[in-house]
Amino acid sequence: MKQFALKTKVSLMDTFNEFLEDINLSTDTDWIIADEAVYNMLGLGDKYKHMFPQTYGKGEPTDKMLDAIRKDMPAGIKRIIAIGGGTVIDISKALTLDSEADNVEDMYMGRVPVTKGRELVVVPTTCGTGSEVTNISITELTNMKTKKGLVLDILFPDRAVLIPELLKGLPYRFFATSSVDALIHCVESFMSPKANPYTEMFSLEGIRMIIEGYKYVLENGPDSWVDKVDEFLIASNFGGIAFGNAGCAAVHALSFPLGGVHHIPHGEANLLMFMPVFTKYKDKKPVGKINQFEKIIADILGCDNEKALDEFQKLLQKIIATKPLKEYGMMENEIDQFGESVVKEQQRLLNNNYVELTLDELKAIYRSCW
């Protein structure tokens, strides 16, 4: 069965002040989760209850961070306002849940039941996560040395509010890694066996918007991405709608250990895995939906279909250049460990592959990048 649902109310606003007028924040029952720099930029002061994830650890969320934050949550919170990127949103989704679990690992591994304890409003400040419209929360499980996604319908945010104004101060590298992540959300959801005409509509428009935006950036310089901030933010949202229904696949599955162990930024880790995965897809099933994808890319880039994947990779490398995995600190003996970890922990994603990939093939993909 293939299906489509959009359970989050999506709003597009010009300014943060417009959002404040609309949201009617409470000083007692609302809790704002945001990076400290973002919160200070908003000028909210100490009027409202708030929390900075950096207080509990650097980088992307871990179960240890979430365990500590849950213990410190103020009493009486009925609504969480998440203002930030993927880290802030993933943390905020987890904090909407109530559970008798002693630790977050038990929650993410499905060992204990959870219920929705509070509402969630998400205001993304990057153009990559798409998480503002999905039912997925991802965290690093430190004992298992990998990232794990918790997928529950009660994790759908109640509202997503898109405010392009909040992205304009984003450094180029954060724009690049986040927008690449959004693009790969669109691509993997398009190729997923769960794709349908509704998800493909969002996938394809997201792909087109981001690639056209990249062409503009390459013609006009790195800082020019701000000229297209509305398009990049909306394309990211389209990607979230698409993969929230059709799913992501091997690119994301293989990237998770890279982020969990070596803390490679999520979008960059996805880019590292993209071309090797799609090359393997093409080798195993050269005739099929991958030909549709090649034609789509060829039409946007103005190249021959058979050159589309190579030209696509060249374009992405101009936006953000990657390195061999060993230059990120990965040891050769980790190739087998990571491959086995992906097979054991990421079947939710691997089930969405264009073609089945064996353990040996997953290891070969890592080795080709090492």
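Predicted model: local features only at pLDDT ≥ 70, side-chain atom pairs only at ≥ 80, totals over all residues.
Trainee: Let's start with helix 11. How many residues does it have?

Mentor: Helix 11 has 13 residues, 289–301. From first C-alpha to last it reaches 19 Å, close to the 18 Å expected.

Trainee: Which of its residues are buried?

Mentor: Lys289, Ile290, Phe293, Glu294, Ile297, Ala298 and Ile300.

Trainee: What covers them?

Mentor: The cover includes helix 6, helix 7, helix 10 and helix 12.

Trainee: And what comes just after helix 11?

Mentor: Glycine 302, with a positive phi of about 70 degrees.

Trainee: New topic. How much space lies in the second largest pocket?

Mentor: About 440 Å³. The lining has 23 residues, and Asn135, Lys194, Gly244, Asn245 and Ala246 are the closest to the centre.

Trainee: Which helix gives the most to that lining?

Mentor: Helix 8, with four residues. Helix 14 (347–350) also supplies at least two.

Trainee: Now threonine 96. Where is it found?

Mentor: In the loop between helix 4 and strand 5.

Trainee: Buried or exposed?

Mentor: Threonine 96 is buried, because its relative accessible area is 1% and the cut-off for buried is under 20%.

Trainee: What is threonine 96 in contact with, leaving aside neighbours within four places in sequence?

Mentor: Ile80, Leu155 and a run of residues from Thr115, Lys116 and Gly117 to Arg118, Glu119 and Leu120.

Trainee: Lysine 116, then. Which residue does its side chain meet in a salt bridge?

Mentor: Aspartate 158, at 3.0 Å, N to O. The pair links distant parts of the chain, 42 residues apart. Lysine 116 is in strand 6, and aspartate 158 is in the loop between strand 9 and strand 10.

Trainee: How accessible are those two, lysine 116 and aspartate 158?

Mentor: Lysine 116 is partly exposed at 33%. Aspartate 158 is partly exposed too, at 29%.

Trainee: How many salt bridges does the structure hold?

Mentor: It holds 20. Another one joins glutamate 332 and arginine 367, at 3.2 Å. Glutamate 332 sits in the loop between helix 12 and helix 13 and arginine 367 in helix 15, so the pair ties together parts 35 residues apart in sequence.

Trainee: Which residues do shared partners join into one network?

Mentor: Glu105, Asp106 and Arg111. Arginine 111 is partly exposed at 46%, whereas glutamate 105 is buried at 13%.

Conventions:
Residues numbered from 1 in each chain as written. Heavy atoms only, no water. Expected span 1.5 Å × (residues − 1). Buried < 20%, exposed > 50% of the residue type's maximum accessible area, 1.4 Å probe, protein only. Contact = heavy atoms within 4.5 Å. 1 Å grid on protein atoms, 1.4 Å probe; cavity = no way out; pocket = protein on both sides within 12 Å on 5 of 7 lines; lining within 4 Å. Points joined across faces, edges and corners; volume = space filled by probe spheres on them. Salt bridge = Lys/Arg side-chain N within 4 Å of Asp/Glu carboxyl O.
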